[in-house]
Amino acid sequence: MKSRRPKQRVEFGDWQTPFDLSCQVTELALATGFRPASILEPTCGRGAFLEAATRHFSDATAWGFDINRAYVEEARRRIPRAHIEVGDFFQLPWDAIIGKLPEPIFVIGNPPWVTNASIGAAGAQNLPAKSNIKSLTGLDAKTGKANFDVAEWMLLRLIDILQNRQFFMAMLCKASVARRLMQHAYQQGWNLNGATYGIDARAFFGAAVDAVLLTLSTMGPAKRSFPHWPVYEHLTSKRPARRMGIVDGHVSSNVEQFKATRNLQGQCSPEWRSGVKHDCARVMELSRTGGATINGFGERVDVEDEFVFPLLKGSDISNGRAPGQRFVLVPQRKLGEDTAALQVRAPRTWAYLHAHRELLDARKSSIYRGKPSFSVFGIGDYSFSPYKVAICGLYKRLEFKLVEPHDGRPVMVDDTCYFLPCKSRDDARAIATALNGEQAKRFFHARVFWSEKRPISKALLQTLSIEALLRG
């Protein structure tokens, strides 16, 4: 079992819910005055949620399903009065199953906390039929936005069926999944009430995940798809810490702060840019030791200095490190530029790249297909601006850094970063100071979602007008 457990956790999101947490969730539903006629747990595992729910709502009929036969047998022994069956969520006829349940329906559970990409990387198969569920096109679909949480797919499927029924749903999920479900419900015009409650995933599951209990319901005074919804810090919180929601068509992590910073809303100019992307660090990233240029293989590199630039990675930007430790080879001045001219213009650089052609050609991202040999991305005239204001998108803090030339050369940042190109040091200093000020912090805190893998995005940064910010 020990050798199978890691893959089982990846493929099936197998994090069994502790019974005490299940009891807290059902007690929360009980406290609202909700009284179900039926209980449904679509991925019941060993049955902790079903046991807690049937204890609190003894008159309701209970149904559970799970793909793991051993778990189903254990759950049957644990809750003999419940109807528990072996079934694959992605194959079960949910319209028919839900259609026969008496109302109101209590839908509970802890669906898998995994993405389709992580399941595929593990060589597992427990996925819905392949489809672009958010209708993404072009580069969005190619560069990772088509990746989705399996729990999100499951819950969307259930809510779509349940929206015209009387139901109360209580599901454990990632905070990011809950937010996207709320947003989707609003966009679809579903009449639901909703809220989220923070849970300590590390304490309950030993998982470093920003997790919540998501509640959705058609019970009570439904508004048109809850443009705002309360966010409680804990399951036992009596008052919400803030309200999330849709304001002016934008998703806000704090509605009150969003409204208070509307004056800064706009289209940022100059445009935020992504750092350079090459996907082959051992070849393209260099260091200098004792006058020698060294690549990631420890090889001495002989290339024209014209194409070597100081590099700051996201961790350097976030930790305030100065340039001069890392360098990057940039063979193009703009996106899609033909690199064949390097054979004449920079023969040593061409020879070095050609010697590592196999590795560069093997880069997996589809963005390199059909592009000139040795292409990089996130490159243009803006990349060579002498001054930049940069931030790393991966770190959960708002810290904007002034990036100045090093030894007379413009400094590049990597593709975990975003930057504003600036023409002068005075412009860059003024912008960096304003972005690190209280006004900008309130603006971004009302719009950022720290549970995201990359909480700081170009889309977020572009919503703040630098002109309005500098006007004060």
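**Group meeting: loops, a helix pair and a sheet**

Phe374 lies in the loop between helix 16 (357–361) and strand 16 (387–392). Helices (H or I, at least four residues) and strands (E, at least two) are DSSP runs, numbered from the N terminus.

Before I go on, the ground rules. This is a predicted model, in which local features need pLDDT of at least 70 and side-chain atom pairs count only at pLDDT 80 or more, while totals for chains, interfaces and linings use all residues. Residues are numbered from 1 along each chain as its sequence is written, and side-chain values use heavy atoms, with hydrogens and water left out.

Back to Phe374. Its phi is positive, about 65°, although Phe374 is not a glycine. Is Phe374 buried or exposed? Its relative accessibility is 2%, so Phe374 counts as buried. The cut-offs are these: buried means under 20% relative accessible area, exposed over 50%, and partly exposed in between, with a 1.4 Å probe and protein chains only.

Ser375 sits in the loop between helix 16 and strand 16. Ser375 is also buried, because its relative accessibility is 2%. Leaving out residues up to four places away in sequence, Ser375 touches Gln332, Arg363 and Tyr368; contact here means heavy atoms within 4.5 Å.

Another non-glycine with a positive phi is Asp407, at about 50°. Asp407 is placed in the loop between strand 17 (401–403) and strand 18 (412–413). Asp407 has 71% relative accessibility and therefore counts as exposed.

Now the cis peptide bonds. One joins Glu103 and Pro104, with omega about -5°. Pro104 is in the loop between helix 5 (94–99) and strand 4 (105–109). Another cis bond runs from Ser269 to Pro270, where omega is near 5°. Pro270 belongs to the loop between helix 11 (255–260) and strand 11 (273–274).

For context, the chain as a whole. It has 20 helices and 19 strands. Of its 472 residues, 50% count as buried. Among contacts with a separation of 6 or more, 70% come from residues 24 or more positions apart.

Next, helix 9. What span should its 14 residues have, at 1.5 Å a residue? The expected span is 1.5 Å times one less than the number of residues. For residues 175–188 that gives 20 Å, and the end C-alpha atoms are 20 Å apart, so the two agree. The buried residues of helix 9 are Ala175, Ser176, Val177, Ala178, Arg179, Arg180, Leu181, Met182 and Ala185. Just after the helix, Gly189 has a positive phi of about 75°.

Helix 9 crosses helix 8 (residues 150–162) at roughly 35°, and the two axes come within 10 Å. Axes are lines fitted to C-alpha atoms, for helices over the stretch in contact, and angles run from 0 to 180 degrees between N-to-C directions. The crossing is right-handed, that is, the near helix is turned clockwise from the far one by less than a right angle. Helix 8 brings Glu152, Leu155, Leu156 and Ile159 to the contact, and helix 9 brings Val177, Arg180, Leu181 and His184. By class, this contact has five nonpolar, one polar and two charged residues. For the classes, Ala, Val, Leu, Ile, Met, Phe, Trp, Tyr, Cys and Pro are nonpolar, Asp, Glu, Lys and Arg are charged, and the others, Gly among them, are polar.

Last, the sheet. Strands of a sheet pair through backbone hydrogen bonds, either parallel or antiparallel. In this model, four strands form an open sheet in the order 11-19-16-17, with antiparallel pairing. Strand 11 and strand 17 are at the edges with a single partner strand each, so one side of each has no neighbour in the sheet. Two strands pair if DSSP finds at least two bridges between them; strand 16 and strand 17 are joined by three. In one of these bridges, Ala390 has Lys401 of strand 17 as its partner. Helix 17 (residues 425–435) packs on the sheet, touching strand 16, strand 17 and strand 19 (417–422), and its direction makes about 25° with that of strand 16.

On edge strand 11 we find Ser274. Ser274 counts as partly exposed because its relative accessibility is 31%. Which residues does Ser274 contact, leaving aside neighbours within four places in sequence? They are Gly378, Cys417, Tyr418 and Phe419. Ser383 is 109 residues from Ser274 along the chain, and their C-alpha atoms are separated by 9.0 Å.
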